[in-house]
Amino acid sequence: MNMNLNQAIKKTTTLLQETQHQWSRLMPPHVDADMMLGVFINLFKTNPTLLECEQTSLWSAIAQCCKLGLRPDGLLGEAYMIPYGNNVKLVIGYKGLLALARRSGEVAKISTAVVREGDHFEYTLGDEEKIVHSPTAESDSPITHAYVIVTLINGEKVRKVMTASEIEIIRSRYSKGSDKKSSPWNTSPDTMALKTVVRSLLNSGLVPMSISRQLLSDDGSVQPLDNQELQAIYDTEDKRELLVGVGDASSE
């Protein structure tokens, strides 16, 4: 790692520590601020490209992670901070979507699965909706469907089934770079299929969530905060350093 990136990491780490009392106020009670601080610092060390992005987008993603109480560590599958052009995008992962639904307090159980060629699978729509799935295929058989069943605390069940073709349409429309070998669509196709069907159900409004659906973009990313919103969160003496200065580390 070159000296400029080391300087950027050091500067960002310092700013994170200095503003911890501010961004930690955004987090749900169950999230530990020191743990989240460690996640951010480790993330920037492993993916320093994030620090070369436009700073408003970087600090927006940090704030949104805190608000949602989701860890962008890339391990638990809750959320991902991704360099996208010159901006940082916060994308909610499959497990993050499930967590947000559960936190609404109105969800008792969530079941998800992919269906493969060779499985026994049938589903019925209408007054008596029903899904029957008996997995029998090999684990590397092609995926034909993905589905999610949400049981609410009142006993009502909400279901969503998507075919492989429907999932592929979503992939083509919203996931640029999905053809790359490193894309999760190729490295974790099961997870991406499940994320797609879960997001589709949550976007329908039939299942409660602990956040406003307006925060989520069609591509699965979280709507960024603007400069005014960020300044209200990071009430620092030198807001310019927070929103611009880190990116200038490369010129020091």
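**Pocket lining and strand pairing in the predicted model**

Strands E1 (79–84) and E2 (87–92) each supply at least two residues of the lining of the largest pocket, as do helices H6 (164–174), H7 (184–187) and H8 (189–203). The structure is a predicted model. The greatest contribution to this lining comes from H8, which gives five residues.

The largest pocket holds about 840 Å³ of space. Its lining comprises 29 residues, and those closest to the pocket centre are Ile82, Val91, Ser175, Lys176 and Pro184. Sorted by class, the lining has 11 nonpolar and 11 polar residues.

Attention now turns to strand E6. This strand spans residues 143–152. Eight of its 10 residues are buried, so E6 is largely enclosed by the rest of the structure. Buried here denotes under 20% relative accessible area.

E6 pairs with strand E3, which covers residues 107–116. The two strands run antiparallel and are joined by nine bridges. Within this pairing, valine 107 lies opposite leucine 152 of E6.

E6 also pairs with strand E7 (residues 157–163). This pairing is likewise antiparallel, with seven bridges. Histidine 145 has threonine 163 of E7 as its bridge partner. E6 and E7 form a hairpin with four residues between the strands. In that hairpin, glycine 155 adopts a positive phi near 95°.

Methods: Residues are numbered from 1 along each chain as its sequence is written. This is a predicted model: local features need pLDDT of at least 70, side-chain atom pairs count only at pLDDT 80 or more; totals for chains, interfaces and linings use all residues. Side-chain values use heavy atoms; hydrogens and water are left out. On a 1 Å grid over the protein atoms alone, a cavity is a set of points where a 1.4 Å probe fits but cannot get out, and a pocket is an open set with protein on both sides within 12 Å along at least five of seven lines; lining residues have an atom within 4 Å of a point. Grid points are joined across faces, edges and corners, and a volume is the space filled by probe spheres set on the points. Ala, Val, Leu, Ile, Met, Phe, Trp, Tyr, Cys and Pro count as nonpolar, Asp, Glu, Lys and Arg as charged, and the others, Gly among them, as polar. Buried means under 20% relative accessible area, exposed over 50%, partly exposed in between (1.4 Å probe, protein chains only). Two strands pair if DSSP finds at least two bridges between them.
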